[in-house]
Each structure stands twice: as C-alpha cells, then as structure tokens.
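Hi there,

Here is the structure I promised to hand over. Have a look at it first, and then read on for what turned up in it.

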Amino acid sequence: MTDLLMILAGSYLSSTGDYSVLNFFDETYENYYHDEVLIGGMAANVGATGYAPQLDYCDNIRGNYLENYYTKIASNTPEMTYASSRKLCEVWVAACRSLVYSQNNCETELPSRLQELGLSAEEINTEVAECKSTQADWSAKLEDLIKAFAESTGNKLEDMLTRWTLTEVRPNPFNEPTYFEAVETPGWFSDPRYDGKFLSITVEDGSIKYHNHHMDWGSLCYDANFVADFDSPPASMAANEEIMLTATTSGSGEVTGGYGCGWTGIGFEYRTNRGSFSGDTYASTDLNFITDTAVATLKAPSGQAGSEMTVSAFLWNCGACLVDYVYICREYDLIPSLLLDMQNQPINVSRLKPYYDIPVALPDIINHMKLMVGEGSAANSPRPADFTGDGRVGVDDTIYMFQSLTEKDLGESF
C-alpha cells in the first residue's frame with residue numbers, strides 16, 4: 001500500500017526537485033505490474049491535482065462495458081490492459097475519496113459498489129475494513145512525509161498548515177460619498193464660479209473609476225476619465241507565499257488648459273497591514289493621459305489561526321477610492337492542506353474530467369471568457385481547462401462549464 005504514498009509524495013515534491021525525503025519509505029516501485037500501475041496512476045493523479053476519483057471511476061476506466069458503453073458509442077476502445085479486479089479498484093477508489101473528502105466513504109459508498117459484484121455480506125465487511133485500514137495507513141504515512149519534508153526544507157510545519165483565506169471584499173468600506181457637485185455639495189467648490197463642476201467615483205473589486213469634470217466661470221477646463229484597473233489578491237495564500245499583482249492607471253478626455261484651470265490626476269497604491277510588498281506598488285496618471293503600470297509582489301506573512309490581514313487597493317486623496325480585501329488565517333489538518341496546495345497548482349484537467357470530481361465555479365467560467373477575448377490570465381486565476389479535448393480553450397469549453405455549473409444534461413453537444 002505504501003507504494004501509493006510514494007507516488008503521492010513524488011507528485012507533491014516534483015516542483016522542488018528534492019526527492020531525498022522519499023528515503024523515508026523502504027518500499028520501491030519494483031512490484032508494480034498491471035493492477036498496481038493503473039491504480040497507481042489514479043493515485044498519482046489524486047496526488048498531483050488534489051481531486052478525488054469519481055464514484056464510478058472503475059466503470060469508466062474500463063470503458064463502461066457493464067453499461068453497454070461499447071455499443072452506445074460504437075467504439076473499438078480497448079480495455080487498456082486493465083487487468084485489475086473490480087473489487088480491488090473499488091476499494092482503492094473509496095480509500096482515495098475518503099482521503100480527499102475527510103469522510104468515511106469506505107462505509108457510505110463502497111458497500112453498494114461491491115454489492116454489484118455479488119459479494120456476500122461477510123466479504124463486503126472484509127473489504128470495507130480493508131478500505132478503512134488503507135485510508136488510515138495512507139493518512140499516517142502522508143502526515144509523516146509532510147513533517148519530514150518540512151524538516152528537510154527548513155520550513156515551519158505550522159506555516160504549511162495555515163492559509164490566509166479571503167473572507168470579504170469591501171469596496172468603499174467606510175461608505176464615503178462617491179458624487180460631488182460644485183455649489184450643491186456643502187464644502188466642495190461652493191463658489192458659484194465653479195457651477196457645472198462635478199466628480200463621480202465608481203469603486204469595484206478590481207477597478208476604480210474617477211470622472212472629474214471641471215468648470216471655471218462657465219468654461220470647461222477639463223473633462224477627465226481616469227481608471228485604475230488592478231489585480232485582486234487571491235482567494236487563499238499560504239504563509240510566505242509570494243503573489244504578483246499588477247495595476248494599471250489610464251485616462252482619457254478633453255483638456256482646454258485655460259488660465260487657472262489647475263491640474264488633476266490619480267495615484268494608485270497597494271498596501272497591507274501585515275506581510276510585505278516589494279516591487280513597484282504605485283502607479284499614476286494625470287491630464288497627459290499617459291498609462292502607468294505597477295507590478296508589486298505581496299508576500300503573505302506567517303499567522304496564527306484566527307488572525308486577520310487586510311490587503312488594500314486605493315487612490316490617494318480620495319476617501320471612497322478604497323477596496324479592502326479581508327483575510328482570516330485558518331488552520332488545516334495535514335492532509336487537507338496538502339490537497340489544497342495540489343488544487344492550486346496549474347494543470348490541464350481536461351483528460352481528468354471524465355474520471356475525477358473536478359468542480360466548476362463561476363470564477364473558472366469568467367477566466368475562460370477572459371482568455372477567449374485575449375486577456376492574459378493572472379498568476380492566481382483559476383486554471384484554464386480544455387474540457388472538449390480539441391486542444392484549446394474556446395467557446396465550447398465555456399458552454400460546457402456553464403452547463404456543468406447549472407447541472408444541465410450535456411447530452412451529445414460535444
């Protein structure tokens with residue numbers, strides 16, 4: 001059984017290139033043959049992605065012959081030399097699902113799967129016990145592996161088990177005014193000479209718009225539209241993880257440059273009350289309307305469970321022009337922490353989709369749509385996926401994701 005853990009460990013450590021911790025195990029791959037290779041492949045995918053095999057994995061991997069899949073699609077798909085017994089496959093699937101979901105899938109799912117094989121109640125109970133023993137063995141070995149890995153790299157184990165989780169996005173958190181009109185707004189350009197002047201502000205997650213229409217003695221000085229577009233920090237961050245965030249300021253409009261008209265513009269900045277920023281956190285644009293870009297790197301701090309961190313994106317000298325991203329530090333058990341890290345790694349999941357529980361959320365769909373219109377994918381964006389298998393991310397993939405999200409029948413659309 002521990003051969004499976006070696007595959008999981010290899011997947012986990014592949015990004016570092018440091019496999020010395022694998023000496024923690026005495027077992028080798030030498031005993032892998034037909035059954036173990038294919039089931040080991042399932043385990044490797046679990047370890048590399050953090051996704052669980054689907055409940056009917058054993059049916060699907062054999063081509064769904066038990067459900068006349070061969071006849072339905074009129075295919076000559078071979079059984080892929082899958083010589084594994086169905087019983088062994090079902091036990092391992094249930095153990096993997098128990099590991100990923102932190103549930104007792106061995107008792108809740110496995111019995112009904114084994115009943116299809118005509119096993120007696122006694123035989124089913126034996127396999128359920130084997131499944132629970134397997135899952136417990138994997139969990140214990142993985143916990144030891146993670147601890148050894150932390151020691152070998154000099155990392156603090158507590159940092160590996162805590163994550164900063166985004167709990168709230170607060171545009172204009174203090175509810176400051178977003179519209180000002182000269183003469184009409186008390187204390188704001190109250191002299192009648194500025195009649196017709198106004199300032200309109202729109203604050204959203206990822207964008208702040210600043211429209212300054214300036215009049216003086218009945219003449220237009222400038223009508224300027226400034227925009228700060230900025231990357232939102234990610235949904236979760238590990239301690240000491242570095243996240244690159246990019247902000248761009250730009251502007252457009254009409255400028256007369258008349259006497260006494262003055263000058264205006266916007267200055268954007270990233271800040272945090274914990275952790276640290278490096279690089280260029282500031283970008284500005286004035287009435288010359290020259291685009292400016294800031295590329296900053298946020299390093300998440302260490303934290304104790306329950307502690308709070310705020311990452312802010314704001315414009316200088318504008319009370320409403322602020323978006324706060326509020327994080328809470330949460331502690332995870334060893335195994336969920338490992339699987340969460342795996343799910344955050346970029347990977348093409350298209351070939352895994354028919355066999356693994358890969359959730360589709362609205363941010364994934366939005367990211368697909370951005371890719372289709374030519375926008376770059378930020379480092380912390382959801383991974384793109386070719387669900388239709390045509391080698392690219394396109395409209396069909398996005399439609400597939402919409403249908404998956406709404407649980408509609410996909411039918412034969414693709």
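Let me begin with a definition: helices (H or I, at least four residues) and strands (E, at least two) are DSSP runs, numbered from the N terminus. Please keep in mind that this is a predicted model, in which local features need pLDDT of at least 70 and side-chain atom pairs count only at pLDDT 80 or more, while totals for chains, interfaces and linings use all residues. Residues are numbered from 1 along each chain as its sequence is written, and side-chain values use heavy atoms, with hydrogens and water left out.

**Two loops**

Most residues other than glycine have a negative phi. Phe 289 has a positive one, near 60 degrees, and lies in the loop between β10 (282-286) and β11 (292-299). Phe 189 also has a positive phi, near 45 degrees, and its place is in the loop between β2 and β3. With 33% relative accessibility, Phe 189 is partly exposed (buried means under 20% relative accessible area, exposed over 50%, and partly exposed in between, with a 1.4 Å probe and protein chains only).

**The sheet**

Strands of a sheet pair through backbone hydrogen bonds, either parallel or antiparallel. Two strands count as paired here if DSSP finds at least two bridges between them. Seven strands make up an open sheet with antiparallel pairing, in the order β2-β3-β4-β5-β7-β11-β9.

You can follow some of the pairings on screen:

- Strand β4 (residues 207-216) pairs antiparallel with β5 over ten bridges, and His 211 has Asn 225 in β5 as its bridge partner.
- The hairpin of β4 and β5 has two residues between the strands, and Trp 217 in this hairpin takes a positive phi near 55 degrees.
- β5 is joined to strand β7 (residues 242-255) by nine bridges, again antiparallel, and Ala 228 has Thr 249 in β7 as its bridge partner.
- β9 and β11 run antiparallel and are joined by four bridges, with Ala 296 in β11 as the bridge partner of Gly 279.

**Aromatic rings**

Rings of Phe, Tyr and Trp (its six-membered ring) pair if their centres lie within 6.5 Å; planes under 30 degrees apart count as stacked, over 60 as edge-to-face and the rest as tilted. How many aromatic pairs does this rule give? The count is ten. One of them is the stacked pair of Tyr 179 and Phe 198, with 6.2 Å centre to centre and 25 degrees between the planes. Tyr 179 belongs to strand β2 (residues 179-181) and Phe 198 to strand β3 (residues 198-204), so the pair ties together parts 19 residues apart in sequence. Tyr 179 is partly exposed, at 43% relative accessibility.

Phe 230 and Phe 268 are stacked too, because their ring centres are 5.3 Å apart and their planes are at 25 degrees. This pair links distant parts of the chain, 38 residues apart: Phe 230 is in strand β5 (residues 219-230) and Phe 268 in strand β8 (residues 265-272). Are these two residues buried or exposed? Both Phe 230 and Phe 268 are buried.

Finally, ring pairs join Phe 180, Trp 188, Phe 189 and Tyr 194 into a cluster. Over the ring of Phe 189 sits the charged end of Lys 197, 4.8 Å from the ring centre (a charge sits over a ring if NZ of Lys or CZ of Arg is within 6 Å of the ring centre and within 35 degrees of the ring normal).

Enjoy exploring!
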